[in-house]
Amino acid sequence: MAELSNLTNDIPIFVCTMAFPGISCRLHIFEPRYRLMMRRCLETGTKTFGMCIYDRGKIFADYGCMLKIEESENLPDGRSLVNTVGGRRFKVLRRGDRDGYNTADVEYLEDKQVDGIQLTDLCILHSRVYEQARNWFDHLPSILQGQIHSQHGPIPDQEENVQASPDGPQWCWWVLAVLPMEPGLQMMLLSSTSLHHRLMHLQRVLHYLVQNQIL
């Protein structure tokens, strides 16, 4: 099967929602084309596919995130409930289709590494925005905290090495997943290869939410 060829060419694309590295994404599979996609991903053993949001002019967006199937529950009527977790970010190089669902050739994104004074400044900003995010979450109503925890789990710990992962710290993606943000802004930050750029935007959004008491 083509799904086994590699994880950059002709990968299955699920067109639905934003997904982020290391963050859980629960899916309700009911369309026949996506039932076929899920079955093939499970049968071939890859358990992996790409997730992109819809783009009116291109069918799906230029950037997305790989998802790994962790658990799948088949329902009597053919639908399924699938628990996945985000993997690498990617840029779409070529669009295609197979048996009703979309496919793509992709290249994976990696954050640009910095050193010296830039790394020092990045670590300071990293710690500052992490504390800002924790403070924002801690002041949410308990019922809203419970809903976020149920859907996305607790906020990940702050990493000591901010450049250890090619996708950057996982907690940033957790915050990006739970903040009330427009998909366009989420997409811009998903596609960015600058951790400093993402942290600065998160800092501004968190400051705005706190100042305006937006939950």
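## Helix 2 against helix 6

Helix 2 and helix 6 cross in a left-handed sense, a term used where the near helix is turned anticlockwise from the far one by less than a right angle, with clockwise giving a right-handed crossing. This is a predicted model, in which local features need pLDDT of at least 70 and side-chain atom pairs count only at pLDDT 80 or more, while totals for chains, interfaces and linings use all residues. Residues are numbered from 1 along each chain as its sequence is written, and side-chain values use heavy atoms, with hydrogens and water left out.

Among the buried residues of helix 6 are Leu195, Arg198, His201, Gln203 and Leu209, buried meaning under 20% relative accessible area, with exposed over 50% and partly exposed in between, for a 1.4 Å probe and protein chains only. The cover over the buried residues of helix 6 includes strand 7, helix 2, helix 4 (170–178) and helix 5 (183–191).

The axes of helix 5 and helix 6 come within 9 Å of each other and cross at roughly 150 degrees, and the two helices are therefore roughly antiparallel. Leu185, Met188 and Leu189 of helix 5 make this contact with His197, Arg198, His201 and Val205 of helix 6, a set with four nonpolar, two polar and one charged residues.

## Helix 2 against helix 4

Helix 2 also packs with helix 4, at an angle of about 40 degrees and with the axes 11 Å apart, which makes helix 2 oblique to helix 4. The contact is made by His126, Val129, Tyr130, Ala133, Trp136 and Phe137 of helix 2 and by Trp171, Trp174, Val175 and Val178 of helix 4. Its residues divide into nine nonpolar, one polar and no charged.

## Helix 1 and the strands

Helix 1 (residues 32–44) has 13 residues and reaches 18 Å from its first C-alpha to its last, close to the 18 Å expected. Its buried residues include Tyr34, Leu36, Met37 and Arg40, and what covers the buried residues of helix 1 includes strand 1 (11–15), strand 2 (24–29) and strand 6 (63–74). Helix 1 is followed by Gly45, whose phi is positive, near 90 degrees.

## A buried glutamine in a loop

Gln163 lies in the loop between helix 3 (142–152) and helix 4, and at 14% relative accessibility Gln163 counts as buried. Gln163 and Asp111 are 52 residues apart in sequence, yet 8.0 Å apart in space, C-alpha to C-alpha. Leaving aside residues up to four places away in sequence, Gln163 touches Lys112, Gln113, Val114, Leu119 and Leu122.

Definitions and conventions. Helix = DSSP H or I, 4+ residues; strand = E, 2+ residues; numbered from the N terminus. Expected span 1.5 Å × (residues − 1). Contact = heavy atoms within 4.5 Å. Axes fitted to C-alpha atoms, helices over the stretch in contact; angles between N-to-C directions. Parallel < 35°, antiparallel > 145°, perpendicular 65-115°, else oblique. Nonpolar A, V, L, I, M, F, W, Y, C, P; charged D, E, K, R; others polar.
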